Amino acid sequence: TEPGSIFKLATLISLMEDGYVTKDTKVDCEDGERRFYGLRIRDSHKGDGILTVKEAFFKSSNVAFAKLADQYYYNAPFKFIEHLQHFRLDKMTGIDIVATAGTPTIKSPKNKSWSKPTIPFMAHGYETSVTPLHMLMLYNAVANNGKMMKPYLVSAVRDYGVDIKNIEPTVLVEKICSKETLAQVRECLDAVVDSLHGTGHKILFDSLYSITGK
């Protein structure tokens, strides 16, 4: 399915890794609405105006991420797509269950359906199709110091108590981004929950744990 706002993590890492933005870069969210090549993108709230990238992330501004991606990747779309491929969002997860409908779709300019608004829409989680497990793998990699692991459900196959097959943890991507990017991304993910206006702030109530996410 189209993942929506959780896909902004992929866009954020890409922009930071390419050196286009930091968490403190300012972006004008305008009045929470902007047209891109004739199509409208809007935020769930209006009137934020100029925010830092960190604020735009924890408030989940569609306009901010659409503008940033359009600004930096419109003329170099493959640069963005290569990041998404590096995150393995265009590949099957390899999970050990049959999932014939789990084939992901990450567009490129080679696709017939590619159009001018594709980049700004992809930036906030649309015009693309992945499984929830794909996104979990990416978030897990951030939690795992940048190392992306292959998901699996079964650690061993046994026949009358004897292991006939063992499945070991498998690294898919040794490092999804630099340590500098990872530190900034984690701070942005923390703010989603920790900040008063973060979209995940409500999950802190009655929680005994420190939580980060999107």
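Start with helix α1 and helix α4 (residues 77–86): their axes come within 10 Å and cross at roughly 120 degrees. The model is predicted. Angles of 65 to 115 degrees count as roughly perpendicular and those over 145 as roughly antiparallel. The crossing is right-handed. From α1, the contact uses Ala10, Thr11, Ser14 and Glu17. From α4, Phe80, His83 and Leu84 take part. Sorted by class, this contact has 3 nonpolar, 3 polar and 1 charged residues.

Now turn to another partner of α1. Helix α3 covers residues 62–73, and α1 covers residues 8–17. These two helices pack at an angle of about 40 degrees, with their axes 11 Å apart. They are therefore oblique to each other. The crossing of α1 and α3 is left-handed. On the α1 side, Lys8, Thr11, Leu12, Ser14 and Leu15 make the contact. They meet Asn62, Phe65, Leu68, Ala69, Tyr72 and Tyr73 of α3. The residues of this contact divide into 7 nonpolar, 3 polar and 1 charged.

Helix α6 (residues 132–143) comes next. Its axis and that of α1 come within 10 Å and cross at roughly 50 degrees. This pair, too, is therefore oblique. Leu9, Ala10 and Ile13 of α1 meet Leu138, Tyr139 and Val142 of α6. What classes of residue make up the contact of α1 with α6? There are 6 nonpolar residues, with no polar and no charged ones.

Terms used. Residues are numbered from 1 along each chain as its sequence is written. This is a predicted model: local features need pLDDT of at least 70, side-chain atom pairs count only at pLDDT 80 or more; totals for chains, interfaces and linings use all residues. Side-chain values use heavy atoms; hydrogens and water are left out. Axes are lines fitted to C-alpha atoms, for helices over the stretch in contact, and angles run from 0 to 180 degrees between N-to-C directions. Helices (H or I, at least four residues) and strands (E, at least two) are DSSP runs, numbered from the N terminus. Angles under 35 degrees count as roughly parallel, over 145 as roughly antiparallel, 65 to 115 as roughly perpendicular and the rest as oblique. A crossing is left-handed if the near helix is turned anticlockwise from the far one by less than a right angle, and right-handed if clockwise. Contact means heavy atoms within 4.5 Å. Ala, Val, Leu, Ile, Met, Phe, Trp, Tyr, Cys and Pro count as nonpolar, Asp, Glu, Lys and Arg as charged, and the others, Gly among them, as polar.
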